[in-house]
Amino acid sequence: MAGETGGSRYGRLLVSLAPLIGLLLVVGIFALMSDAPDQYLSVRNLRIVLAQTVIVALGAIGMTMIIVSGGIDLSVGSSIALTGVVTAVLLRDNYSPMAAIAAGVVMGGAVGILNGLAITTLKVLPFIATLGMLGVARGAAKWLGDQQTVNVPATWVNELAVTFPSPSWLLVAPGVWLTLMLAIVMTVVLLRTVFGRRVFAIGSNEAAARACGVATDRIKVAIYGLAGLFFGLSGVMQMSRLRQGDPTVAIGTELDIIAAVVIGGGSLAGGEGTIAGAMVGALTMAFLRNGTQQMGWPNYIQEIIIGVIIVLAVAADRVRRSRAGV
Amino acid sequence: MLALSGLRKRFGATVALDGVDVNLAPGEVHALIGENGAGKSTLLNVIAGALAPDAGTMQVNGAPYAPTSPLAARHAGVALIHQELSLCPHLTVAENVLMGLEPAHGGWLDRAAMRREALRLLESFSHPDLAPDRLVGTLPIAARQVVEILRAVAAKASIVLMDEPTSSLPREDVTRLFALIRRLKASGVTIVYISHFLEEVREIADRFTVLRDGRSVASGALAEVTNDALIAQMVGRPVDALFPDRAPAPGEEILVEVVDVAAPPALRKAAFRLRRGEILGVAGLVGSGRTETIRALMGLEPAESGEVRVHGRRLARTASPARRLAAGLGYLSEDRKGEGLALNLSLADNITCTRYRACSTRGWLRRGAQRDQTKTWLDVLAVKARSPWQAARTLSGGNQQKVALARLLHQDADVLLLDEPTKGIDIGSKVEIYRAIVERASRGAGVVMVSSYLPELFGVCHSLAVMCRGRLTPVRPIHDWTPESVMEAAIGG
């Protein structure tokens, strides 16, 4: 028996490292195909990729929590647009940058709590509840922005997700550091707090958790609310990169975010998924995008490749899991 | 300790509880017996706070007790151990055992304390597969059940409700469980115990209450009643014979020949011949490879070597279940909810799906024919159902099992592969199922029947083989076996 446990532990390690191996493969293949591999692998390009990843990566932190709990959130793209517009409107009206950012993040949390309440009190499936919110939040963003982009004065908010940060000793944009820090914090929260284990318990077997006296409804609202804060932060980053609040931005971003979580080993059936994996998944997609652009391939090729990669990544994951017996 | 009086509960038009009175003393093991559908599970759910009664009162230690949720019941010291395992497969043993009671400081888990506490609990029920850090999803079923029981122990419950805790446990785990129950009992814990095995009930329980049609119809000390009297109370009429007359002796024609089939690690080697009209019993411990044998024959478990012939024609080793079904094999899963039935679909769809041909024209279902054929089978097996169009989910366990068997009968399979056909169902349903099996055999079908319940194997089979650690003994006529020799073969003596 001891050998069997050890074997499956080894297998689990392999399974959890697999997304990373996939990422290295993607980077390696593009470096080999590229005419100028040193350019593709340059610090400059790495900075570009990291800055591009911030929006999806922040969203993926929140989405990991939701997917581990057995849920889904389709309203993220709209939520990013709405929170970006909220931040932009406050900046335009000369509120302090901190207040504007806080308002965007809190708005994201509020959207998440509404999702959670719709799921728990109206007993609507997460897919449907957040599909509804996808429309509501997008509409609200357009309403708030008066159907136009909202221009903002130059503040430090615009520098959060730039490719070349100042001061230059930061190496990468402040948003990248923030994302990294939050990813570590949330990993610890998921693994080492009662709340975190409840998230896994609900995704693994909700009925069992409820029978053990876990307040599943309250925790679900908390999960969607907390994830919403991350989507709000994503929205702030989106606004920062565009340097304006655009109510029509980020259409379909939720699918990129879900793909990042799933490529990183998350299971839509719940109970499985890691934030580290989701970060690797987000990077994989960013490197794919960046690689195809560097190769000068047209956009449609890029879309086809990413679509195929998502399916292959998940299929490979299934095979590995059944081999490893985990 | 726990007193229930006049409990009533109805679901729409169905009366589940219709006046239940039970009184429990501290440190008592009280058996709740009755046919499936008699209201036992509903009663447990009411006590455990998952359902609110429509009428009646409950008291714990003389104080009124009206839990509004499972959490409230847990705070009052009441713990329910579910019939359907309710564990989180992605979490560890320790996390499952201590779920809802995790040692924590300000929301932060104290992993060391958690491990310590889990180890202490595991010690009282030493099981080779159980380690605090092992993922529950990788545990065998029997070990999972232990985890669930330990969860109630961890909650320091003063009233523990056990809904058929032994239905998937091998004998040595049953012995361990009973030792644990006796220890709980000695410490003053009251246990309400549901089981279909009267022998088991006698072994562990002091007093009993019989439920019939949602009413408590009899109670008393187990030592003072006979099994026959209990059964009579359960079904509301005396049961003369549990088993029908044996099917006529099998013919000479070989229906199925299984030559050294192996699907390691669970199934190392199985070989037998099944004749027309023969009912072949397969005994053995849970986990000995019986289920894997049946599944390998049906193509649900990849066989590594060996040969299966049906009607003298060899089946390709990789033949799909659909092809095997077309060759005349029919399969009844032991996992009724997981793969036996489509619980959300209607009885009609469940019963006719393996042979839609009988009720369709060029791919178009004929609803009338489907309804009539379903009704016929519901009548044949005495299924208690309102309509062929109701969802399988709405039936009690025993009636669901009859529906699962009805599908094989409708399929008109030549060879019935039955895995635990009467697991967890009431006596009345068992009688109907035995009758149907024997009737099929006497009309020329071959039956392989895997069972953990020896009396039924001796009651209906012509011949028997025993599975032990993945190997099937040679088949011998049923008269050559005794319960003792079966047990000896099963434990590899």
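**Close-up views of a two-chain predicted model**

**View 1. The two domains of chain B.** The centres of domain 1 and domain 2 of chain B, taken over C-alpha atoms, are 31 Å apart. The model is predicted. Domain 1 of chain B covers residues 2-235, and domain 2 of chain B covers residues 254-490. Where they meet, 15 residues of domain 1 of chain B are in contact with 13 residues of domain 2 of chain B. Helix H8 (residues 227-235) of chain B gives the most to the domain 1 side, with 3 residues. That side of domain 1 of chain B holds 7 nonpolar, 5 polar and 3 charged residues.

**View 2. Chain B as a whole.** Chain B contains 17 helices and 25 strands. Its C-alpha atoms fill a box of roughly 70 × 50 × 50 Å along the principal axes. Of the 493 residues in chain B, 49% are buried. Among contacts in chain B between residues at least 6 apart in sequence, 69% join residues at least 24 apart.

**View 3. Where chain B touches chain A.** The contact takes 25 residues from chain B and 22 residues from chain A. On the chain B side, helix H2 (70-75) and strand E8 (108-109) are the elements that give two or more residues. H2(B) gives the most, with 3 residues. The chain B side divides into 13 nonpolar, 6 polar and 6 charged residues.

**View 4. The nonpolar cores.** In soluble globular proteins, nonpolar side chains tend to be buried together. The largest nonpolar core here has 164 residues. Those touching the most other members are Ala60(A), Ala260(A), Ala282(A), Val160(B), Leu161(B) and Tyr193(B). Helix H3 (residues 43-68) of chain A supplies the largest share of this core, 14 residues. Beyond its neighbours within four places in sequence, Ala60(A) is in contact with Ile257(A), Ala260(A), Val261(A), Ala278(A), Met279(A), Gly281(A) and Ala282(A). A second, separate core has 72 residues, including Ile294(B), Met298(B), Leu378(B) and Cys461(B).

**View 5. A buried loop residue, Ile425(B).** Ile425(B) sits in the loop between strand E21 (415-419) and helix H15 (427-442) of chain B. Ile425(B) counts as buried because 24 other C-beta atoms lie within 10 Å. Ser346(B) is 79 residues from Ile425(B) along the chain, and their C-alpha atoms are separated by 21 Å.

**View 6. A cis peptide bond in chain B.** Pro264(B) and Pro265(B) are joined by a cis peptide bond, with omega about 5°. Pro265(B) is found in the loop between strand E13 (254-263) and strand E14 (267-275) of chain B.

**View 7. Positive phi at Arg243(A).** Arg243(A) is not a glycine, yet its phi is positive, about 60°. Arg243(A) lies in the loop between helix H10 (216-242) and strand E2 (244-245) of chain A. With 18 other C-beta atoms within 10 Å, Arg243(A) is partly exposed.

**View 8. Positive phi at Asp412(B).** Asp412(B) has a positive phi of about 65° and is not a glycine. The loop that holds Asp412(B) runs between helix H14 (397-411) and E21 of chain B. Asp412(B) is partly exposed, with 13 other C-beta atoms within 10 Å.

Definitions and conventions
Residues numbered from 1 in each chain as written. Chains lettered and ligands numbered in written order. Predicted model: local features only at pLDDT ≥ 70, side-chain atom pairs only at ≥ 80, totals over all residues. Domains from an automatic or database assignment. Contact = placed C-beta atoms within 7 Å. Helix = DSSP H or I, 4+ residues; strand = E, 2+ residues; numbered from the N terminus. Nonpolar A, V, L, I, M, F, W, Y, C, P; charged D, E, K, R; others polar. Buried ≥ 20, exposed ≤ 12 C-beta atoms within 10 Å, placed from the backbone. Core = buried A, V, L, I, M, F, W, Y, C linked by C-beta atoms within 7 Å.
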